[in-house]
Amino acid sequence: MSTVESPAVGGVAAALRRLYFVRFAFAVVWAILLFTTKSDLGPLGVVLVVLYPLFDVAAAVVDARSSQGARSVRGLYVNIAISLIATIGLAIASGSGVPAVLRVWGAWAIAAGLVQLIVALGRRSMGGQWPMILSGGLSVLAGASFVAGASAEDPKLTNIAGYATLGGIFFLVSAIRLGRAAKGN
């Protein structure tokens, strides 16, 4: 059973819960839009590929503001930097084609997954973090598969749509678990 230890932790948990619901919705809508591009790096595909890590930056900023005073804030700042670099890298890689995008996306998924894993481990006492721990670990593995898959004969962006959807599901499960932890269930 996971419980919230203090009102301060409870406030962070409530803010994270709202943020995780937003992240779930964004991931699902983003994945559907990317899937409709049929792995094309046309204007919509490029915007979507660049938008995802940029949204991650915004979400980490919101998370850091709601988590002031918590140990996890340093990891969130690292995530902001990693995602900003990924945004720039993806914008540049988009001009070189799908394999370049998959390599940059994979590197970002590995680095961001490690940070997510570390932050979630630090937040275990708040409850609802096991999905985030699993998501961080799976992100590292998925990132490695994106880098490897970039060398395939006809690499596709649709794999990152699946990655985003699964990540969104982990955010949804974590949001639900955080709500239960706040109620003491």
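Helices here are DSSP runs (H or I, at least four residues), numbered from the N terminus. What you have is a predicted model, where local features need pLDDT of at least 70 and side-chain atom pairs count only at pLDDT 80 or more, while totals for chains, interfaces and linings use all residues. Residues are numbered from 1 along each chain as its sequence is written, and side-chain values use heavy atoms, with hydrogens and water left out.

**Largest pocket**
- A pocket is an open set of points on a 1 Å grid over the protein atoms alone, with protein on both sides within 12 Å along at least five of seven lines; lining residues have an atom within 4 Å of a point.
- The largest one holds about 480 Å³, a volume being the space filled by probe spheres set on points joined across faces, edges and corners.
- Its lining takes in 30 residues, with Arg23, Asp56, Gln116, Ser135 and Phe171 nearest the centre.
- Helix 4 gives the largest share of that lining, seven residues.

**Largest cavity**
- A cavity is a set of grid points where a 1.4 Å probe fits but cannot get out.
- Searching the whole structure turns up one cavity of 30 Å³ or more, and the largest cavity has about 40 Å³ of space.
- Arg23, Phe26, Tyr52, Phe55 and Phe171 line the largest cavity.
- Helix 1 (7-36) and helix 2 (43-66) are the elements giving two or more residues to that lining.

**Confidence**
- Mean pLDDT (the predictor's confidence in each residue, from 0 to 100) is 86, and 87% of residues reach 70 or more.
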